Amino acid sequence: MTAPRVTIKDVAARAGVSKGAVSLAFNHKPGLSEATRERIFRAARELGWAPNLTARSLAGARVDVVGLAICRPARMLGLEPFYMEFVSGVESVLTEHSCSLLLRLVRDLQEEAGLLESWWKGRQIGGSILVDFQADDPRVAVAERLGLPVVAVGHPSLTGGLTSVWTDDATAVTEAVRYLAALGHRRIARVGGAAALGHTAIRTAAFDEAARALKLAGAWQVATDFSGDAGARATRSLLSASAPDRPTALVYDNDIMAVAGLSVAAEMGLKVPDDVSLLAWDDSQLCRFTHPTLSAMSHDVHGFGADVARTLFGVITGEGSGSHPVPTPVLTPRGSTAPPKV
């Protein structure tokens, strides 16, 4: 047996007010004393009730705060250009709506799921942006149960029925491998991100498929945590093999690891791109400040963040375009890729 669904009528009865008073309270309308308003909110929290999204939208609900939780160590987040650019894009749209971003770092998805429930039931946010999806992600069920307005940054295969915005990682990985193969590379390695992440799995499968289709002589993949240290260790391991078994080209899942890889190649006495070609993901200024400059899969991360924020406001008002992909990352060749010497 399932528990009966709590309704606005139940909240009104618990608070000793009319259903109209509950609506006024949750839509921030005048006409109630602060004591009555707080009594209504307390009753809703005790019953575990949150207002229906469509009803709030029709009533012209205002959004003052948008939530974003990221499962990353604080130190690493500060070093990662992707999230700095992404958040700046989100903020550019929130500013237009006089809205603030509530950013929290969490240890795992279970902690984030609990945080989302606390934020929503405590009236701290009007919606949330969800990132870094995994298979069978627990946040999908939580958001749907609460009626929480969200935009999921991830492929629809990972995000259930939530409105999602995503990049076509599979196509981008395939393009990167084909480009390196066209230069003549037959031994290609990928230094990937965390294995548990859905987009990492999508890239892994696409890399394997491209390698098989091109009949590469060697194809290696190494999972990391996206950090420079992990990228350096993976690069050192891959390039320590003897020449016939060593990759002549490496693809990295972010720019930080590619920059670290460039340093490792120099440390090992290898010239880039003469001895090994390097290709980064998430093109940033870092890629243009190295020597040689790093070839990269480029996309507008600031624009990505802005698109996600606009989509969230569309979810809240019911007037948005729904789920959609953003432009696929495109290859930007620079000085770090060239045909292999042999």
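Contact means heavy atoms within 4.5 Å. Helices (H or I, at least four residues) and strands (E, at least two) are DSSP runs, numbered from the N terminus. Buried means under 20% relative accessible area, exposed over 50% and partly exposed in between, with a 1.4 Å probe and protein chains only.

This is a predicted model, in which local features need pLDDT of at least 70 and side-chain atom pairs count only at pLDDT 80 or more, while totals for chains, interfaces and linings use all residues. Residues are numbered from 1 along each chain as its sequence is written, and side-chain values use heavy atoms, with hydrogens and water left out.

**The whole chain**

Of the 342 residues, 51% count as buried. Among contacts with a separation of 6 or more, 71% are between residues 24 or more positions apart.

**Helix H11**

Select residues 228-239, which form helix H11. The expected span of a helix is 1.5 Å times one less than its number of residues. For the twelve residues of H11 this gives 16 Å, and the end C-alpha atoms are 16 Å apart, which agrees. Now colour Ala-230, Gly-231, Ala-232, Ala-234, Thr-235, Leu-238 and Leu-239, the buried residues of H11. These pack against S6, S7, S8 and helix H12 (255-267).

Move on to Thr-248, in the loop between H11 and strand S8 (249-252). Is Thr-248 buried or exposed? Thr-248 has a relative accessible area of 11%, so it counts as buried. Leaving out residues up to four places away in sequence, Thr-248 touches His-185, Arg-186, Arg-187, Asp-275, Val-276, Ser-277 and Pro-340.

**Helix H10**

Next select residues 198-214, helix H10. Its 17 residues should span 24 Å at 1.5 Å a residue, and the end C-alpha atoms are 25 Å apart, which agrees. Buried residues in H10 include His-199, Arg-203 and Phe-207. The buried residues of H10 pack against helix H9 (169-182), strand S6 (187-192), strand S7 (218-223) and strand S9 (277-281). Just after H10, Lys-215 has a positive phi of about 55°.

**The largest nonpolar core**

A nonpolar core is a set of buried Ala, Val, Leu, Ile, Met, Phe, Trp, Tyr and Cys residues joined through side-chain atoms within 4.5 Å. Show Phe-86, Ile-129, Val-131, Phe-304 and Val-308, which touch the most other members among the 28 residues of the largest such core. Strand S1 (65-70), helix H6 (81-96), strand S4 (150-153) and helix H14 (301-317) each give two or more residues to this core. Which element gives the most? H14 does, with nine residues.

Centre on Val-131 to see its contacts: beyond its neighbours within four places in sequence, they are Leu-68, Ala-69, Ile-70, Tyr-83, Phe-86, Arg-139 and Val-153.

**Cavities**

On a 1 Å grid over the protein atoms alone, a cavity is a set of points where a 1.4 Å probe fits but cannot get out, and lining residues have an atom within 4 Å of a point. Grid points are joined across faces, edges and corners, and a volume is the space filled by probe spheres set on the points. The whole structure has three cavities of 30 Å³ or more.

The largest cavity has a volume of about 380 Å³. To find it, select Phe-82, Asp-132, Val-153, His-199 and Arg-203, which lie nearest its centre among 25 lining residues. H6, strand S5 (164-166) and H10 each give two or more residues to this lining. The largest share, three residues, comes from H6.

Most residues other than glycine have a negative phi, and most peptide bonds are trans. Select Val-272 and Pro-273, which are joined by a cis peptide bond with omega about 10°. Pro-273 is in the loop between H12 and S9. Another cis peptide bond joins His-291 and Pro-292, with omega about -5°. Pro-292 lies in the loop between helix H13 (285-289) and strand S10 (295-298).

Finish with two aspartates. Asp-136 has a positive phi near 55° and counts as exposed, at 78% relative accessibility. Asp-282 has a positive phi of about 55° but counts as buried, at 9% relative accessibility. Asp-282 is in the loop between S9 and H13.

Notes:
1 Å grid on protein atoms, 1.4 Å probe; cavity = no way out; pocket = protein on both sides within 12 Å on 5 of 7 lines; lining within 4 Å.
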